[in-house]
Amino acid sequence: MSAVGVVMLVHTALERAEQVARHWTASGCPVVIHVDRNVPKIINDAFVRSCASDPLITFSGRHRCEWGGWGIVAASQSASEQLLENYPDVRHVYLASGSCLPLRPVRELIDYLDARPHTDFIESAATADVPWTVGGLDHERFTLRFPFSWKRQRKLFDAYVRLQRRLRVRRRIPEGLVPHMGSQWWCLTRQTLSAILQDPRRKTYDRYFRRVWIPDESYYQTLARLYSANIESRSLTLSKFDYQGKPHVFYDDHLQLLRRSDCFVARKIWPRADRLYQAFMTDEAHAMKRAEPNPGKIDRVFGKAVERRTRGRPGLCMQSRFPRKGHENGLTAQPYSVFQGFSDLFEDFERWLNKTTGARVHGHLFGPDRVAFAGGDTMINGVLTDSAGLRDYDPAAFLTNLIWNTRGERQCFQFGPADNQKINDMLARDSNARISIITGAWAVPLFRSNRSFGDLRKEAAHLQRIESKQIDFLRTEKTKARLQIWSMAEFVESPMEPIQALIDEIGPASARHLSEAPTMVDLTGFGQFLQNLKNQGMHPYLMGDFPVEKQPPAQSKPARKPYLVR
């Protein structure tokens with residue numbers, strides 16, 4: 001008979017529980033199984049009959065177990081009392097679940113505990129020192145009452161907590177107890193466990209802990225401090241939890257990870273992880289080497305998993321964050337450039353920028369009629385179409401998808417006050433956005449059009465209101481985008497320097513000294529056009545101080561030349 005006995009709490013995957021229980025008993029460890037009372041009687045009876053051939057497997061009285069409730073503690077008490085009474089040679093009692101799997105030969109665990117006959121292995125930390133509680137209620141779980149189920153009666157649970165806080169209710173902690181918390185999976189010596197179960201004040205302690213939240217993480221952890229002569233504040237069972245406090249489930253592809261932990265037991269194992277059960281329960285030749293259990297060796301892997309789940313990859317939406325605004329790890333996957341007014345001021349600006357930088361240069365991606373992809377394409381990476389209706393269903397998601405699906409290639413696009421302005425919020429919040437604006441340049445196409453002046457004046461006033469509001473929005477302290485703004489008069493006076501800076505910013509590989517700027521449209525008469533707008537009562541202030549040219553003689557016609565820098 002082994003000096004180690006096992007208490008196993010099961011509620012599902014009973015065929016796996018039986019397999020693991022027989023694995024324990026094959027090494028001489030008696031097992032007392034508690035089956036959750038929520039399991040139907042017919043299923044429980046069949047399970048009991050299937051285990052009847054093993055004399056070292058017995059069953060304890062059944063309790064109804066629910067997460068966060070007293071039933072789990074009551075189940076472990078009943079099974080432990082039965083184990084201690086029926087097997088007087090047992091020196092250590094190991095608490096496990098039906099989803100626990102021994103990772104090393106059971107004989108190694110027995111030898112390990114034989115070498116430490118008076119040591120209790122139970123994670124037990126004072127509430128002030130516990131960093132892993134999720135959702136608060138660290139010390140309050142011991143001073144408030146919790147008669148309602150957190151899972152089934154959440155509204156009542158929360159309302160009753162708020163009521164007790166408002167009334168300043170404070171339960172009295174039994175004298176001599178200092179609340180401690182830790183993993184519910186412990187391994188206690190017979191001396192400590194029997195002292196807890198036979199304590200004259202047990203009824204008082206049980207009555208108190210019945211209304212403590214999640215008592216299975218505090219009952220034994222607190223009472224062991226009263227009786228144990230030597231506590232190792234750690235669990236011999238490897239169990240990992242995510243950022244929401246839910247246990248990680250181990251699958252077949254975690255085989256090598258579990259071997260690196262050197263732990264004796266792990267939970268939770270997926271019931272259909274056949275490879276894990278095969279490797280750890282039958283393949284002792286390839287079992288892990290004898291070593292001190294060290295779950296910290298794989299903490300880095302779990303840390304990366306938590307970071308990936310909570311932060312993710314920049315510009316990629318995922319279930320754990322989407323659609324919670326502000327939980328993104330970057331709105332987009334890489335930097336991109338937004339040019340406003342440049343295609344109005346320069347002829348064929350998109351083709352020139354593409355030729356100069358090698359970037360993919362789009363037209364007005366958020367234009368009112370269609371999405372103007374580079375080269376006139378109607379579809380782009382990620383099956384994004386040029387449909388304005390589909391784009392406007394969620395403009396931010398459209399841009400996020402475009403940047404994600406074109407990773408490795410710099411994207412540039414044109415924007416203006418006539419485009420869908422709903423994207424401005426995302427552009428302002430996105431640190432990857434490089435926004436360059438020539439204010440008032442939208443007036444150039446109006447100036448060059450052959451429309452009635454009354455219509456031009458009305459549209460100019462409308463576009464100016466939109467751009468003015470946009471500029472004010474982008475200049476707030478919340479903006480994370482890199483923003484550069486010039487008035488049209490300022491830019492036209494000396495365009496080469498800002499254009500060179502923009503080319504350099506797009507990428508070092510494309511950066512080079514420019515000897516020629518793009519061809520600027522003929523602005524002869526533009527100053528007089530602005531003056532005419534003023535004369536009609538509209539004040540075009542966004543263009544800056546644009547001079548009014550002297551009218552040339554009627555017979556002369558100004559030559560249209562590209563803007564050259566020599």
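**Questions on a predicted model**

Author: In this predicted model, helix 4 (residues 106–114) has Val 106, Glu 108, Leu 109, Ile 110, Tyr 112 and Leu 113 buried.

Reader: What do the buried residues of helix 4 pack against?

Author: They pack against strand 1 (4–10), helix 1 (14–25), strand 4 (92–97), strand 6 (120–121) and strand 9 (187–189). Contact here means heavy atoms within 4.5 Å.

Reader: Why is the pair of Phe 342 and Phe 491 called edge-to-face?

Author: The structure holds 36 aromatic pairs, and this is one of them. The ring centres of Phe 342 and Phe 491 are 5.5 Å apart and the planes stand at 80°. Centres within 6.5 Å make a pair, and planes over 60 degrees apart count as edge-to-face. The pair of Phe 342 and Phe 491 is therefore edge-to-face.

Reader: What makes this pair a tie between parts apart in sequence?

Author: Phe 342 belongs to helix 12 (residues 342–345) and Phe 491 to helix 19 (residues 488–493), so the pair ties together parts 149 residues apart in sequence. Both Phe 342 and Phe 491 are buried. They also belong to one aromatic cluster, together with Phe 339, Phe 346, Phe 349, Trp 352 and Trp 486.

Reader: How do you know that Arg 407 lies over the face of Trp 404?

Author: Arg 407 is at 3.8 Å from the ring centre of Trp 404 and lies over its face. The cut-offs are within 6 Å of the ring centre and within 35 degrees of the ring normal. Arg 259 lies over the face of Phe 280 in like manner, at 5.8 Å from the ring centre.

Reader: Why is helix 6 called roughly perpendicular to helix 8?

Author: Helix 6 (residues 190–197) and helix 8 (residues 219–227) pack at about 105°, with axes 9 Å apart. Angles of 65 to 115 degrees count as roughly perpendicular, and so helix 6 is roughly perpendicular to helix 8.

Reader: Which residues make that contact of helix 6 with helix 8?

Author: From helix 6 come Thr 192, Leu 193, Ala 195 and Ile 196; they meet Tyr 219, Tyr 220, Leu 223, Ala 224 and Tyr 227 in helix 8. By class, eight residues are nonpolar, one is polar and none is charged.

Reader: What makes helix 18 and helix 21 roughly perpendicular?

Author: Helix 18 (residues 453–474) and helix 21 (residues 526–535) pack at an angle of about 85°, with their axes 11 Å apart. The range for roughly perpendicular is 65 to 115 degrees, and helix 18 and helix 21 are therefore given that name. Phe 453, Leu 456, Arg 457 and Ala 460 in helix 18 meet Phe 529, Asn 532 and Leu 533 in helix 21. This contact has five nonpolar, one polar and one charged residues.

Reader: What is noted about the backbone of Arg 168, Asp 348 and Lys 268?

Author: Most residues other than glycine have a negative phi, and most peptide bonds are trans. Phi of Arg 168 is positive, near 60°, and phi of Asp 348 is positive, about 50°. Arg 267 and Lys 268 are joined by a cis peptide bond, with omega about 0°. Lys 268 is in the loop between strand 12 (265–266) and helix 10 (274–282).

Technical notes. Residues are numbered from 1 along each chain as its sequence is written. This is a predicted model: local features need pLDDT of at least 70, side-chain atom pairs count only at pLDDT 80 or more; totals for chains, interfaces and linings use all residues. Side-chain values use heavy atoms; hydrogens and water are left out. Rings of Phe, Tyr and Trp (its six-membered ring) pair if their centres lie within 6.5 Å; planes under 30 degrees apart count as stacked, over 60 as edge-to-face and the rest as tilted. Helices (H or I, at least four residues) and strands (E, at least two) are DSSP runs, numbered from the N terminus. Buried means under 20% relative accessible area, exposed over 50%, partly exposed in between (1.4 Å probe, protein chains only). Axes are lines fitted to C-alpha atoms, for helices over the stretch in contact, and angles run from 0 to 180 degrees between N-to-C directions. Angles under 35 degrees count as roughly parallel, over 145 as roughly antiparallel, 65 to 115 as roughly perpendicular and the rest as oblique. Ala, Val, Leu, Ile, Met, Phe, Trp, Tyr, Cys and Pro count as nonpolar, Asp, Glu, Lys and Arg as charged, and the others, Gly among them, as polar.
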